[in-house]
Amino acid sequence: MSKRPAIQVPEGLHEVLLHACCAPCSSAIVEWMIQHEVRPTIFYYNPNIFPREEYEIRKNESKRHAESLGLQWIDGDYNHEQWLNGVCGLEGEPERGRRCDQCFLLRLTEAAKEAQRLGIRYFTTTLASSRWKSLEQIERAGKLAEQAVEGTTFWAQNWRKGGLYERRNQLLKEFAFYNQQYCGCEFSQRKETT
């Protein structure tokens, strides 16, 4: 009996909208996709990132990476105020709490809308590559986004598998990527008080 591969490409998938949180997290995923004849369109939509300077650094690294590979890269709007309104009342939630649920849902719904606009059925996210994120939260948000945006399908995938997490760290050095030290929002930067 043959072992099932760590990463499963849905039948008929040859093109995908990849919601990218940053270049380091997307690098190994994009490489894997290209090697497996899946063409990613990179959608950079991260209004959660604060401050604006941090957002711009991450955005420019993501764009640089996509352009170096000849991939289409789309800049989603940065509207931090709208994002803050979307998570209003959840500021005190811990990481992996209800604020993250809402943040993922907001971002993945926009990814689904962009996929629909482009006529791309499948969308997925690099958020599922981070060991700091809950795969269950990401998959739940992706499925809700899929239900909200007709004609789209969320490719739920654990992007830490198949050696991709280790490859991410290699590519981080090869491309000399800026590597952030926090999720992105001001609430994830908060110091724990005792």
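**Reading a buried glycine and its surroundings**

A: Gly142 counts as buried, since its relative accessibility is 0%; buried means under 20% relative accessible area, exposed over 50%, and partly exposed in between, with a 1.4 Å probe and protein chains only. This is a predicted model, in which local features need pLDDT of at least 70 and side-chain atom pairs count only at pLDDT 80 or more, while totals for chains, interfaces and linings use all residues. Residues are numbered from 1 along each chain as its sequence is written, and side-chain values use heavy atoms, with hydrogens and water left out.

Q: In which helix is Gly142 found, and which residues does Gly142 touch?

A: Gly142 belongs to helix H5; helices (H or I, at least four residues) and strands (E, at least two) are DSSP runs, numbered from the N terminus. Not counting residues up to four places away in sequence, Gly142 touches Leu108, Phe123 and Phe154, where contact means heavy atoms within 4.5 Å.

Q: Is Phe154 buried or exposed?

A: Phe154, which lies in strand S5 (residues 153-154), has a relative accessible area of 5% and is therefore buried. Leaving aside neighbours within four places in sequence, Phe154 is in contact with several residues, among them Leu108, Ile138, Gly142 and Glu146. The C-alpha atoms of Phe154 and Val16 are 9.6 Å apart in space, although the two residues are 138 apart in sequence.

Q: How is the length of a helix checked, for instance that of H4?

A: The expected span of a helix is 1.5 Å times one less than its number of residues. Helix H4 (residues 98-118) has 21 residues and should therefore span 30 Å, which agrees with the 30 Å between its end C-alpha atoms. Among the buried residues of H4 are Cys100, Phe104, Leu108 and Ala112. After H4 comes Gly119, whose phi is positive, near 75°.

Q: How does one describe two helices that pack together?

A: One gives the angle between their axes and the distance between the axes. Axes are lines fitted to C-alpha atoms, for helices over the stretch in contact, and angles run from 0 to 180 degrees between N-to-C directions. The axes of H4 and H5 (residues 135-148) cross at roughly 40° and come within 8 Å. These two helices are therefore oblique to each other; angles under 35 degrees count as roughly parallel, over 145 as roughly antiparallel, 65 to 115 as roughly perpendicular and the rest as oblique. The contact includes Leu108 of H4 and Gly142 of H5. Its residues divide into 9 nonpolar, 3 polar and 2 charged, where Ala, Val, Leu, Ile, Met, Phe, Trp, Tyr, Cys and Pro count as nonpolar, Asp, Glu, Lys and Arg as charged, and the others, Gly among them, as polar.

Q: At what angles does H1 pack with H2 and with H6?

A: H1 (residues 23-35) and H2 (residues 52-68) pack at about 20°, with their axes 9 Å apart. H1 is therefore roughly parallel to H2. This contact is made by Ala23, Ser26, Ser27 and Val30 of H1 and Glu61, Ser62 and His65 of H2, which divide into 2 nonpolar, 4 polar and 1 charged. With H6 (residues 164-174), H1 makes an angle of about 115°, the axes being 8 Å apart. H1 and H6 are therefore roughly perpendicular to each other. Their contact includes Trp32 of H1 and Leu171 of H6, and its residues divide into 8 nonpolar, 1 polar and 3 charged.
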